[in-house]
Amino acid sequence: MRVTFLGTGTSHGIPVLGCSCPVCRSKDDRDKRYRSSIWLHERETDIVIDTGYEFRLGGVRSGLNRLDAIVYTHAHSDHIMGFDDLRVFSLDKRMPIYGDKRTIGEIEKKFPYAFSDRFFHGLPMATGHIVEPFETFRIKDIEIEALPLRHGCIDILGYRIGNFAYLTDVSFIPDETYQALAGLDVLVIGALREKSHPTHFSFSEAIEAARKIKPGKCYFTHINHETSCEEINRSYMPFAQSAYDGMVLEV
């Protein structure tokens, strides 16, 4: 399976609007971060997890030209507000979207026209599918297991696909989810910054969680503008490293 990072930044994106810090002024392309999202490709199947504000830009940059489904971790704006750009993939079909009950409900409220009983040419058309914690579901060639996480005070979902797992925006991992993550080759985990945060793992907290999971490789995502890609890698390699926009993994 090919994993392409369409975005690896936190809700502000990097550069942050109006900021002149060293990371926001960095000449290193790895420090330019769209809101977090990934594209999974396996044989004849293409899935995106989350559609943030720059979904279109990340897709154009990475060559995304077809899509079978969208899987959502939660309904915060930086993970869903590129939803309207699904219109190019739903000209003659309804795009299936997957997420927990809260997430699908929020998307339906924000984009009600996409879920109308009538078909409107030129607008995105979608069908929501509610996923329960620890449910395994299949989208063509890709089998996915939904894993419960906490993001501050809300329940969200991470996903395991074979020996790959994507856990963004996480601040707490339940014991049952740790058990379901055994035997990973690749873990992608949200790690916001060096300092602690009430709704996201810090780098050290993400490392602690990853050491319990024991993946073959670990990558940070959902990173803010306080630490450069080079600084993260210098501090945490070889055990973990920063993902960056446009990075491609073969899992």
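# Salt bridges at a glance

With a relative accessibility of 28%, R150 counts as partly exposed. Keep in mind that this is a predicted model.

- R35 and E54 make a salt bridge, and their closest N and O atoms are 2.7 Å apart.
- R35 sits in the loop between β1 (2-7) and β2 (37-42), while E54 sits in the loop between β3 (45-49) and α1 (55-62), so this pair ties together parts that are 19 residues apart in sequence.
- Are these two buried or exposed? Both R35 and E54 are buried, which means each has under 20% relative accessible area.

**D28 and R30**
- The side chains of D28 and R30 meet in a salt bridge as well, at 2.8 Å from N to O.
- D28 has 23% relative accessibility, so it counts as partly exposed.
- R30 is partly exposed too, with a relative accessible area of 27%.

- Which residue does R150 pair with? R150 forms a salt bridge with D155, and the closest N and O atoms are 2.7 Å apart.
- D155 has a relative accessible area of 44%, so D155 is partly exposed.
- Elsewhere on the salt-bridge list, bridges that share partners join D46, R66, D68 and K140 into one network.

Note on methods: Residues numbered from 1 in each chain as written. Predicted model: local features only at pLDDT ≥ 70, side-chain atom pairs only at ≥ 80, totals over all residues. Heavy atoms only, no water. Salt bridge = Lys/Arg side-chain N within 4 Å of Asp/Glu carboxyl O. Buried < 20%, exposed > 50% of the residue type's maximum accessible area, 1.4 Å probe, protein only. Helix = DSSP H or I, 4+ residues; strand = E, 2+ residues; numbered from the N terminus.
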